[in-house]
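Please examine the chain shown here, taking its helical segment, its sheet and its surface in turn.

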Amino acid sequence: MRFLPVFLDLKAGPVVLIGAGELLRAKLRVLAAAGARIRVHATDGNQDLGLSSDDVARIEISTSDPLTSDLVGVIAIVCAGAGDVGVAMSARAKSLGLPVNVMDDLAHSSFIFPAIVDRGDVVVAVGTGGTSPVVARRVREKIEALLPARIGELAEFIGGFRKSVNERIAEFPLRRRFWERVIDGPIGAAVLAGRKGEADAAIKAISDPSEFARADKPQGSVALVGAGPGDPDLLTIKALRALQDADIVFHDELVSSEILDRIRRDTTRVPVGRRVGKPGIGQDAINTRMIEAAQAGQRVVRLKGGDPFVFGRGGEEVEALRAADVAYSIIPGITAGLGGAADFEVPLTYRHEATRITFLTAHKARDAETVDWSTLTDTKMTVVVYMGMTAAPAVRAGLFAAGRSPETPVGVFARVTRPDAQGAIGMLRDLPELVRQTNGGPAILIIGDVVRHAGSLRRQTPKQIISDLLDAAE
C-alpha cells in the first residue's frame, strides 16, 4: 500500500484548485459536493465556472499567480488540466509540506483522489494507487449496490446517542456489544427502513444499557426473500443484503446455484423444496423449522424462486409467522412471468392488442381442470401459466372448450434468465409439442397475441416469428 487513506477536515481551511477546462470543472464539482471552501485559479483565464448560488459563498475565484499567491491556511492543493503550472505548483507545495495532487501524474502528487461512495456520515474511499481509476469506479459501484441507502442516517442516529449511552456503560467491550446489538437488531433495521421515530423510541426505552448489552439471546427474525427466476444479477439489493446477514437459509430446490453462492459462506443452508414427482418435507414442516430457528435467535431467510407472493406460498408462511409472534419481513423478487417476458422480449401488454394479464398455475392436469377457462377467452388478455408443462394438454383442452382459437399464439419459455434458457413459439393447438421442444423446465407458458412480438433468444426478428406463425397456420 503506497497511499494511506486519510480524510481531510474541509472545515480547517481552503483547498486551492488550479487548472483549466472540463478537468478543472470536474474536480470543482467533487470538492463543492464535499462542502469544501475552494480557491480557484483558472489558468486559461476562463472564470465562467457555472457556479450555483449555493456555491458562490464557498468558492473564491482568484486572478493572482498561483505560483506566488499566499498559501497560509491552505489544507491541500489540487491541479487538474494545469499543464506545466501543475508541475511547478507541486514543487512549491512539497517545499511547504502541503498535500498536492496533480491529476494523472503520480510522480508529482503526494495524495490521490479515490473513488467515493457518499452516504452522508458514512464515506467509503476506493483507490488503486493511481494505477486505474476505472477499476476504482467499478469497485465503488459494487459497494454502492451493497450499502443500504440510509446507512449514513444510521451512523448519524448512533452519533446522537453515543455520548449518553457510553457514559452509562463503563466497560469498552460492553459498549461495543451494545452498539452491535443496536445496529444488527430491530433498532438498526427500523432506521434503515426509514422508521427513525420508531427507532428513537426503542433506544430511549432501554432502561439499562449494560443489561441490554449482556443479553445472550438475540431476537430472531424471518425474511421471505424472492430469488427471482434464476439470474443472480436480478437479485434485489435488499435480497442480497438479507442473504449476507442470514444465519440460516431455507431454500427451494429451483433456486440456482449462482444465487446460493451469494449467501455468506458460514451461513447454514437447508434445502426444503421439491421437484415434480419427488417428495419434499411439506409446508407445515418448513413453517415449523423457520419458526424454531427464529425463536432460537437466528436471522432466518426463506429463499424462494421468483416472488414469495406469486405462487410461492408466501402468504401461508406469513400466517404461520404471525401466529407464532415471530418478526418477519418480505423482500419481493422478479417473478418468472416478468423475467421470461423480458428474456424473450414478449410484451405482456401492448397498446390496442393486450390490455389485461392473468397469472395462473396449473401444476398438474387436475389443477387445469379446476380453472374456469371461460373467463380467459378475451383475445386482448395475455394468459401466463406457471408450472404448466405437465398440464399443457389440459391447458390446451380447457381453452379450446372455452372457445379460444387454435391459432392463438403461444410461447413456452424454459429456464428463463439462465444461460440455458430456451423458448419455443407456435400456436395453441401445438402446445404439448412446444413443451417437448424446450427440453425440461421450469417453464412458463405465455398465451396471447403479444407472443407475435417475441424476439431475442430465438435470434429472430418479429417479422420472422410472424412468418413462422403464418406457416404453422397453413
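Over residues 150–204 the chain is 85% helix and 0% strand, where helices (H or I, at least four residues) and strands (E, at least two) are DSSP runs numbered from the N terminus. The C-alpha atoms at the ends of this segment are 21 Å apart. UniProt, in an unreviewed entry, lists residues 150–204 as "domain: Sirohaem synthase dimerisation"; its positions follow the numbering used here, feature names are shortened, and annotations may be inferred rather than shown by experiment.

The model is predicted, so local features need pLDDT of at least 70 and side-chain atom pairs count only at pLDDT 80 or more, while totals for chains, interfaces and linings use all residues. Residues are numbered from 1 along each chain as its sequence is written, and side-chain values use heavy atoms, with hydrogens and water left out.

An open sheet of five strands runs in the order β13-β14-β17-β15-β16, with mixed pairing; two strands pair if DSSP finds at least two bridges between them. Strands β13 and β16 (422–427) stand at the edges with a single partner strand each, so one side of each has no neighbour in the sheet. Within this sheet, β15 (residues 409–414) and β17 (residues 443–447) pair in the antiparallel sense over five bridges, and A414 stands opposite A443 in β17.

Strand β13 (residues 356–361) contains I357. This residue counts as partly exposed because its relative accessibility is 35%, the class between buried (under 20%) and exposed (over 50%), with a 1.4 Å probe and protein chains only.
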